[in-house]
Structure formats: C-alpha cells, structure tokens
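Welcome! Take a look at the structure below before reading on.

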Amino acid sequence: MATFPIRLLTPESVLMEEDAEAVFLRTVEGEIAFLAGHIPLVGAVAPGMVRVQHADGSEERAAVHGGFVRVDGDSVTIAAPVAELASQIDVERARRALEAAESDESVARAQARLDAAAAS
Amino acid sequence: MAGGQERILRRRIRSVQATKKITRAMELIAASQIVRAQNRISAAAPYQHAVADALGCVLADSPVAGGRLVGVPDAPEKVMVLAVVADRGLCGGYNFSVLRAAERMVAAGSSSGQQYRLVTVGRKAVSYLRFRGQPVERSFTGFSDRPSFADARQVASVLTESFTAGEVDQVLVVSTRFLSAGTQVVETRQLLPMPLGASVRHEEPENRPLGFTELEPDGPELIEDLLPRYVEAAVYGSLLEAAASEHTARQRAMAAATENADELTKTLRRVMNRARQDSVTTEIMEIVGGAEALRQMSQSIEEI
C-alpha cells in the first residue's frame, strides 16, 4: 500500500516525522482515518489517541490533547499543544491524574494517555 | 603620603579584577544559553508554521467568517501592543531599543487619535514605562530568559480575548527578532488580524475553488478554535527569539565589560608603579640629603 509522510508536532518539539500507511484519530466530529491520497482537510482534533500504521505493519501510538490535523497534498500534519508518544507516557501518573481529574476535559486527557500507553 | 596613594590604587585594581571575574562568568553563561535558546527556536518552528498554515487555509476558504480576522486594517482605532523585553539588565541596549520603539509608536499613534493599550513581558518594561508615566495594562515577568509554552499561552490569552471581544482592532508585537547569531533587529509586526502572507501556502496563485478543503467542524467554529492556537504559537515564537536575542546581547555586553576591566587594570597598574617609583626616589633623595647634611656638619665641627 502507498505510504505518505506524517508529522506530529508540539510547540516544543517534533514528536514524529515518518512515513505511514494509515493514520487514525478522532476529530471533534468523530473518528477519521487517513490513507494516501486523502482530500485536503483541516480538522480540530479531540483529546484522544492517534494511531499511525507503518508499511511493515508496526503501529505507533500517541496521546494528543486537542490541536489540529491538516491534510494537504499527500502529507498529514498533526499540531497539538500537548502530545505524548505512547512510549513516553508515565502510566502511574496518568492513572493518578484520572483519579484526581475533576473536569470532563482532564478526564478525557488522562484517559487518552492511558489508552495510548495500554495499547502499545 | 606617597605610600598611601599606592595602597589606594592597589585596592582599586583588586576591585576591578573582582568585577572582571563576574562579568567573565556572566559572559560564559550567556554564551552557553544562546545555543540552547537557538535550539528551542528551531524546535518550535514547525508547529508554528503548521498552525499558521492551517489557519490561513481555513480563512482562505471561508471569506465571510474571515472578514475582521485577515489583512491589515486601514485605520485601527484601538490597538493593543505587546512589548517583549528582558527581566534583567546588563545586556547593553537590548531593553531600551525595544521600549523606545514601542514608546515612539504609542506617541505617534496617540497624537493621531488612536487608542493604545500596552501589554508587556519582562520586568524592565514595567519600571521603564512606569517612570515615563505610560500606563501598562498587563505585565508578565519572570520568564524572559527561558519562556515556556505555558507562559506564552498566558500572554496570548490576554491578546486573543481582547481581540475576539472586539475591544481592539489590531494587535501588534514589538520584540527583537533573532535573525542569526550576528544579527538581531527590533521589529514591529502585526499579530491580529492575521496579516496576509503569514502562512506559506495561503498566497499560492493556485486559485483553488472554495470549499475544496474539507473542514471539520465548519469554518467559523474551526476558526474560533484555531485562532487562539495561532496566537499562542506566534507569541511563543516571539518570546523564544527575544530570549535568544537577550542572551546574545548580554554576552556581547559582558565581553565588552571584561575587556574594559583588563584595560582598566593595565592603566591602574601603570599609575601605581609610577607612584611607587616616585616614593622610592623621594626616599633615596631624603637619605642622600640627610647624609650630606651630616657630613657638612661634622666638617664644620672639625674646623672649629
């Protein structure tokens, strides 16, 4: 299957910059998947998990807390104010955050981290 | 008497050398910070471009919702100005040149009937503007040498809220751009409305049909969500560049101070040596004079 470049950006760093076969994430309007040749799109990303599938079948996950996705030409760019790769997530901390969370938003953030970490 | 002067000079040399040690240390610290600050600028750039790019793309696609948010207003009545300087001095003309630029702009605009509201970053801005009697609406301090994204968010929220509430027609930033390690310039640029050309692909003469880009959610809602992100990213970029410029300015100022201390030590040492030589010469003269007097005295006794 055809691959395309994907970038996951935060204000402090470039978290991910690689070629993917498919990208799955959730916008504020629902689940969405990108394959090569997707039409141009700008969308608001909901707090949750981003899954990136590589050509060799391996998968990488990250938790994003809001932000945007932009599809243009043949590349996908996700820009999130806060994002973490699954491998970097501190599960204990996320669990504590989930318990301590008071607002819906902080619950969603903590849950997103746990989901991404558990799946990897 | 002469020995007293020598002692004073010796003390001055010691004090100049102690100062030199401090300025030298500050120079080295600043130099090490420059590299780190530069890395932070380049790490932040992709995010900044991506957000500006996305907003530009959405605005281009929904001209109705764009309206007030794009372009350069002809005659803005109410303008908000963000001035970014340092928390500390000892960095040459860095703080002053930014504040002077901001002050001039406010003075020029006020005389033509515009209303200005000042928001500042850096402790030096507060003291300077208060002394000049220039009211400051909000000031942020404590992070000028190492701004975090959370700091930028705080500053940005003040700007975005005032603009979206319609309290101001234009938001400008006066700060120092870090063009390279050798060149930094004070620059005033428009943050809101979004100036055309702020995004890279916005201006491409492709003439895409409207609605070509899928928007999720629809234009106005998406813009409401994207605009604060764009301001945050732009403010963060400005803060990072200002921080790098601050460190560069401080390194330069401290290098000059260290050099000056060397020069001063050399001059003082020369004066001190001369003073010591003078006192030695005077002493010899006194001894010779005394011996001569004794000899003459004993001669005159023999004659009697």
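How many helices and how many strands are there in chain A? Chain A has 2 helices and 10 strands. Keep in mind that this is a predicted model.

**Chain A on its own**

- Chain A is as compact as a globular protein of its length, because its radius of gyration is 14 Å, close to the 14 Å given by the globule rule for 120 residues.
- Along the principal axes, the C-alpha atoms of chain A fill a box of roughly 40 × 25 × 25 Å.
- Of the 120 residues in chain A, 40% count as buried.
- Among the contacts in chain A with a separation of 6 or more, 50% come from residues 24 or more positions apart.

**Where chains A and B meet**

- Chain B brings 23 residues to the contact, and chain A brings 21 residues.
- On the side of chain B that touches chain A, at least two residues each are supplied by α1 (2-61), β6 (214-216) and α6 (219-303) of chain B.
- The largest share of that side of chain B is from α1(B), with 10 residues.
- The residues on the side of chain B that touches chain A divide into 17 nonpolar, 5 charged and 1 polar.

**Strand pairing between the chains**

- Strand β5 (residues 41-44) of chain A pairs with β6(B) in the parallel sense, over 3 bridges.
- V42(A) has L215(B) as its bridge partner in β6(B).

Technical notes. Residues numbered from 1 in each chain as written. Chains lettered and ligands numbered in written order. Predicted model: local features only at pLDDT ≥ 70, side-chain atom pairs only at ≥ 80, totals over all residues. Contact = placed C-beta atoms within 7 Å. Helix = DSSP H or I, 4+ residues; strand = E, 2+ residues; numbered from the N terminus. Nonpolar A, V, L, I, M, F, W, Y, C, P; charged D, E, K, R; others polar. Pairing = 2+ DSSP bridges. Rg over C-alpha atoms; globule rule 2.2 N^0.38 Å. Buried ≥ 20, exposed ≤ 12 C-beta atoms within 10 Å, placed from the backbone.
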